[in-house]
Amino acid sequence: MATRTTAKLSPAALDALVVRAEKKFPGWRTSLLTLAGRLTLTGAVLTAQSMHAMAVVPLPVTTLQQLDRLRKGLFWKGASKCTGGDCQVAWELVCRDINDGGVGLKDLATLNTSLLLKHIHKLFTGVRNPWTDWMRLWYDEGHAEEDTPCWRQLKALIPQYRAMTMVVLGDGQTTSFWHDAWAEVGRLSEVLPALYSHCLDVDVTVAEVVAAGGLTAVALQPRLTAAARHELELLSIAIADVMLGDIHDDRVFVDSPSEAPTTGAFYRRIRTPAMAPPLSDINWVSFAPKKVKIFFWILRHGRTRTRDSLHRHGALDSPDCPFCPGQSEDLDHLFARCPRLAVFWARVLPGRSPPNSARDAAELVAGLLTAHDAQLGHTAALGALWIVWKSWNRMVFDGICLDLDAMARLLHDHLMLWCCRAPRKLDVSPLHVWCQSLVP
């Protein structure tokens, strides 16, 4: 009914979406979930449950913000809301593809637009379903007395849809003569700008122009410039060769005609690719547990909570490393340059220079096994950094300082366990051999 109301759709009308999402929280024991588990809940429940509404109406910005508040709170804190101090990475970066530096959560505004573009595609290609039948009944057949705000918002997306697609002509009934890319030369409004400026009906379809034998004098200004007359002559010759069929017009993507026009395809074209931080392949192309991948993703963005960063934000009185007082504990110190790690990296990277940064450590460990398979090297790199992080936690929270043999044994046990997660066709024997070299 929102598509028929003459009043603008208010956030209050969609409060049920927010309330339904809020009711999920009391039943979840989010305090027992890792960040990876909360990521799964955020994507599979809070994002998915609003998709039916987003597929038929443009949601108000306020509603999208309220839903994002709940998603952000669940992901970062396991609660219905969170503060800025709880968020280690900007939400805009979280809602990006893993190849663009995010964790794969969908941006709700972009998802809303993509779902509506998919429905617009169905309207243009003659697909029959309850939603398209409803729209055609009320707006194409003139049952609606005037355009509603929701319908105007949908029509505002049509230029964006036309910019992404080109037409494979059928009967020409749903193809705009001027604005759609149906001719080999492109959109006629851009190719013939002088003639287009003299056109009186810019919404005319290809079928109407072909049936009339071309642009008639009624459709143009009485007096044409020399440039417009020249373009009209060229157009008249080209229209004579246009042959229409009996099937509906079809539309394909301009940049990839063979790709199906799905919601995901529209989403990827709307989102602008970002410059992701390095080591994306090590982060995601491995068989390490998801919680380890999320840990490394935060590390790649430089947002791991070290004592140095906590001191800068006023949470700690001193930025000193708990293992070596007097030295500031930043990311590179925690994962690579801390003196206690010298013997650990000497065993993990025998015969090689110790790493100077967390990035160096990941690349050096990954390079040990990538000759066999990239996944083996990437998993080993994530495992080594994960054990360094776990040993730091044991010192900070339990007051236990793990020695070299204990850290090497932990790394060995973790990687051997993770091998059970490897694809069946992957030969993990090189990783087994390397793990055995870690323990005395």
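Student: At what angle do the axes of helix 21 and helix 22 cross, and how close do the axes come?

Tutor: In this predicted model, the axes of helix 21 and helix 22 (residues 404–418) cross at roughly 135° and come within 9 Å.

Student: How do you know which residues of helix 21 meet helix 22?

Tutor: The test is heavy atoms within 4.5 Å. On the helix 21 side, the residues in contact are Thr-379, Ala-380, Leu-382, Gly-383, Ala-384, Trp-386, Ile-387, Val-388 and Ser-391. Helix 22 brings Met-407, Leu-410, Leu-411, His-414, Leu-415 and Trp-418.

Student: What classes do the residues of that contact of helix 21 with helix 22 fall into?

Tutor: Eleven are nonpolar, four are polar and none is charged.

Student: Now helix 2 and helix 16. What makes the two roughly perpendicular?

Tutor: Their axes cross at roughly 95° and come within 7 Å. Roughly perpendicular runs from 65 to 115 degrees, therefore helix 2 and helix 16 get that label.

Student: Which residues meet there, between helix 2 and helix 16?

Tutor: Leu-35, Ala-36, Leu-39 and Thr-40 in helix 2 touch Lys-290, Lys-291, Ile-294 and Ile-298 in helix 16. By class, that contact has five nonpolar residues, one polar and two charged. Lys counts as charged, so Lys-290 and Lys-291 belong in the charged class.

Student: Which elements give two or more residues to the lining of the second largest pocket?

Tutor: Helix 2 (35–47), helix 16 (290–300) and helix 21 (374–398). Helix 21 has the largest share, with six residues. The pocket's volume is about 630 Å³. Of its 19 lining residues, Leu-35, Gln-88, Ile-298, Arg-305 and Trp-389 are the closest to the centre. The lining has ten nonpolar, four polar and five charged residues.

Student: And what is the volume of the largest pocket?

Tutor: About 730 Å³. The lining of the largest pocket takes in 26 residues, and Phe-124, Asp-140, Trp-151, Ile-158 and Arg-162 lie nearest its centre. Helix 6, helix 7 (130–140), helix 8 (149–155) and helix 9 (158–164) each give two or more residues. Helix 7 makes the largest contribution, five residues. By class, this lining has eleven nonpolar, eight polar and seven charged residues.

Student: Helix 6 also packs against helix 14. Why are helix 6 and helix 14 called oblique?

Tutor: Helix 6 (residues 108–125) and helix 14 (residues 263–270) pack at about 125°, with axes 8 Å apart. Roughly perpendicular stops at 115 and roughly antiparallel needs over 145, so helix 6 and helix 14 come out as oblique. Helix 6 passes helix 14 in a right-handed crossing.

Student: Which residues make the contact of helix 6 with helix 14?

Tutor: Helix 6 uses Thr-110, Leu-111, Thr-113, Ser-114, Leu-115, Leu-117, Lys-118 and His-121. Their partners in helix 14 are Thr-263, Phe-266, Tyr-267 and Ile-270. The contact divides into six nonpolar, five polar and one charged. Lys counts as charged, so Lys-118 takes that class.

Definitions and conventions
Residues are numbered from 1 along each chain as its sequence is written. This is a predicted model: local features need pLDDT of at least 70, side-chain atom pairs count only at pLDDT 80 or more; totals for chains, interfaces and linings use all residues. Side-chain values use heavy atoms; hydrogens and water are left out. Axes are lines fitted to C-alpha atoms, for helices over the stretch in contact, and angles run from 0 to 180 degrees between N-to-C directions. Helices (H or I, at least four residues) and strands (E, at least two) are DSSP runs, numbered from the N terminus. Angles under 35 degrees count as roughly parallel, over 145 as roughly antiparallel, 65 to 115 as roughly perpendicular and the rest as oblique. A crossing is left-handed if the near helix is turned anticlockwise from the far one by less than a right angle, and right-handed if clockwise. On a 1 Å grid over the protein atoms alone, a cavity is a set of points where a 1.4 Å probe fits but cannot get out, and a pocket is an open set with protein on both sides within 12 Å along at least five of seven lines; lining residues have an atom within 4 Å of a point. Grid points are joined across faces, edges and corners, and a volume is the space filled by probe spheres set on the points.
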